[in-house]
Amino acid sequence: MGVLEDKARARVFYKYLSRVYDEINPFIWNETMRAEAIDWLDPAPDDRVLDVGCGTGFATEGLLERTDNVHGLDQSSHQLERAWEKFGKTDQVRFYRGDAERLPFADDTFDAVWSSGSIEYWPDPVAALAEFRRVVEPGGGVLVVGPDAPTSSMFGRLADAIMLFYDEDEADRMFDAAGFEDFEHHIQQARPGSPRAITTIARVPE
């Protein structure tokens, strides 16, 4: 398990990263990549969408272009404070502080779940994915964006010591273990040479 797959360490990490997150993020995960991924999820205008690991609200902002019913959850109070500054005062989004592995919602609460840049910090990704399946109505969409595994074995060992990096085979294993049957993976990249994202779109079994 990587250093930042510990929840307490991750909260401390984001206490400081939250100050510059919006400036750094576009070099790794930009608006074009976000729009492409939202098209894959394809939320309807009246869909209830949960953004897990919403951070400062970058993905939330894109989701609001497609539906007015967006809910954001994050374990970092510092990230949530910055998201609240953007959306909370206008009541555009309902925010919750919570854990991806123990979502504070009833079964079938949402039409879709989105999560970008969060899975790499989860100690138990399969448990979180199973929670996504639980809170989304049958047939609903689940989209997860995480860091694609480095091709260099030396860098891969270093990366794994920090947080979760995974390839399509590992994504298959995790989604299958969480009870998903229908899913596909896409590799996204902001620009040549920048870190790659692995984006999985899945459907909750009927």
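Tutor: Helices (H or I, at least four residues) and strands (E, at least two) are DSSP runs, numbered from the N terminus. Two strands pair if DSSP finds at least two bridges between them. Here, strand β1 (residues 48-52) and β4 run parallel, joined by three bridges.

Tutor: Before we go on, this is a predicted model: local features need pLDDT of at least 70, side-chain atom pairs count only at pLDDT 80 or more, and totals for chains, interfaces and linings use all residues. Residues are numbered from 1 along each chain as its sequence is written, and side-chain values use heavy atoms, leaving out hydrogens and water.

Student: Which residue in β4 stands opposite V49?

Tutor: That's A112. On to strand β5 (residues 136-147): β4 pairs with β5 in the parallel sense too, over six bridges. There, V113 has V142 as its bridge partner.

Student: How many residues of strand β4 are buried?

Tutor: Buried means under 20% relative accessible area, exposed over 50%, and partly exposed in between (1.4 Å probe, protein chains only). In strand β4 (residues 110-116), seven of the seven residues are buried, so the strand is largely enclosed by the rest of the structure.

Student: What does D111 form with R48?

Tutor: Side chains of opposite charge can pair when their charged atoms come close. A salt bridge is a side-chain nitrogen of Lys or Arg within 4 Å of a carboxyl oxygen of Asp or Glu. D111 forms one with R48, and their closest N and O atoms are 3.0 Å apart. D111 lies in strand β4 and R48 in strand β1, so the pair ties together parts that are 63 residues apart in sequence. D111 is buried, at 18% relative accessible area, while R48 is partly exposed at 25%.

Student: How many salt bridges does the count come to?

Tutor: The count comes to 10. One of them joins R196 and D148, with the closest N and O atoms 2.9 Å apart. That pair links distant parts of the chain: R196 is in strand β7 (residues 196-203), D148 is in the loop between β5 and α7 (153-162), and they are 48 residues apart.

Student: Where do R173 and E170 lie?

Tutor: Both are in helix α8, three residues apart, about one turn of the helix. R173 is partly exposed, with 43% relative accessible area, and E170 is partly exposed at 26%.
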